[in-house]
Amino acid sequence: MRFIKMIPIFVLMLFIFTFNTNKVYMLASSQHPITVSSQDITTEQNVVKKSVKAENWLLNGEEGVENPAQFLTNLDDPTGGSYIRIEDLVDAMQTKEEKIKNRGSHVTVRKMTSDGRRMAIIRDFSTLDQVGKFKVEIYELQAEQKEFEFQMPANTYYPAVSPDLRKYVYTLGGKVFLYNATSKQTTKINWGTNKVSTKYINDGMFSPDGSQFCFEEEGKKGLVLLDLSKAGRIQRILTGSQASLLQWDRKDELMYTIPRRDGTYINDVYSYNVRNHKKLWVTKSEDPFIFSADHKELLRENYDSPEVYIVHISNGRKKDVTSIFKKQGSLTVPIQWLHTTTNYMKFSSDKVKL
């Protein structure tokens, strides 16, 4: 009985001892905290920043060859070694079954998103049983996979594509249609009482938010601005000028060119604010060129040389980048300038040789 009575006292003493031991340990830990130096934090931040550093890439094509190819070229690599053919890039994301199914087809990039992460390609077929047929394929390049695809109606022409790759304008049988790839709905464009020439509509451009569409009319000065949210709602802008569309990658800022009347091939480049209708002269150029995303620089091909330059618009300073394109072996046609964190060279492998 005496032994049994002593058990509670022993348990109580054990609890007090354990509590005091933990208290001492906690006190010692608080007196000697684990420290992380500012140098360690800075190093970690630099690693993160380095891993997401955006680079300048150019989507460019060839000129003067029988079967022109398209490339993605790293403008920040002066060696010219960082480029990949679009055909090879797409092929790297195809399954074995898809490669067999698409044998004999040709791919062309129609549009890339401004961040360079996604692209819409046109795949057309040259085989006798599929002449006049083509489909649109959308790829997510960071995830290295195809998002979706859809078949275009036969005997249509390459459609104009919205910046988010969700809307497509095309002609069929003399009529114009808008296809929404998200809702999978096709809408016929109603011009109302307006008489509009739509011959060049496939070369038109969407506004950055996809709510408007602008294109040139055959044989007429100025441009047609179509409100896609309101049937038949159009405006004719720049009607006194022989304007040609150039870029529309900012909400209210439409870039266009006007040829000079001095017998030269020099074009004046303007921006047009579609909201307040103000025009602003930007620069001049006589060769194919493309603006950077911030419109502070342009890249142009000098066909007389041929040479490729990046030009700072504010001061006219030029940087010769001809060597970057030497390994591609043909005249370069700039299509889209991308500022992106996507490394397209990850699609290059022993199986996909440049």
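Which strands each supply at least two residues of the lining of the second largest pocket? Strand 19 (279-285) and strand 21 do, where strands are DSSP runs of E of at least two residues, numbered from the N terminus. The model is predicted, so local features need pLDDT of at least 70 and side-chain atom pairs count only at pLDDT 80 or more, whereas totals for chains, interfaces and linings use all residues. Residues are numbered from 1 along each chain as its sequence is written, and side-chain values use heavy atoms, with hydrogens and water left out.

**Stop one: the second largest pocket.** Select Ile266, Thr283, Lys284, Ser285, Glu286, Leu298, Arg300, Val311, Ile313, Asn315, Gly316 and Lys318, which line this pocket. A pocket here is an open set of points on a 1 Å grid over the protein atoms alone, where a 1.4 Å probe fits, with protein on both sides within 12 Å along at least five of seven lines, and lining residues have an atom within 4 Å of a point. The volume of the second largest pocket is about 250 Å³, a volume being the space filled by probe spheres set on the points, which are joined across faces, edges and corners. Strand 19 gives the most to this lining, with three residues.

Now select strand 21 (residues 297-302) and strand 22 (residues 307-312), which run antiparallel and are joined by six bridges; two strands count as paired if DSSP finds at least two bridges between them. They form a hairpin with four residues between them, and Arg300, one of the pocket-lining residues, stands opposite Tyr309 in strand 22. Continue to strand 23 (residues 318-320), which pairs with strand 22 in the antiparallel sense over three bridges, with Ile310 opposite Lys319. In this second hairpin, which has five residues between the strands, Gly316 takes a positive phi near 75°.

**Stop three: the largest pocket.** About 1300 Å³ of space lies in the largest pocket. Of its 41 lining residues, the closest to its centre are Lys111, Met205, Leu246, Ile290 and Ile335. Strand 24 contributes the largest share of the lining, six residues.

**Stop four: Leu245.** Leu245 is found in strand 16 (residues 244-250), one of the strands that each supply at least two residues of the lining of the largest pocket. Leu245 is buried, with a relative accessible area of 14%, buried meaning under 20% with a 1.4 Å probe and protein chains only. Beyond residues up to four places away in sequence, Leu245 touches, among others, Met205, Cys214 and Phe215, contact meaning heavy atoms within 4.5 Å. Cys214 is 31 residues from Leu245 in sequence and 8.2 Å away in space, C-alpha to C-alpha.

Definitions and conventions:
Buried < 20%, exposed > 50% of the residue type's maximum accessible area, 1.4 Å probe, protein only.
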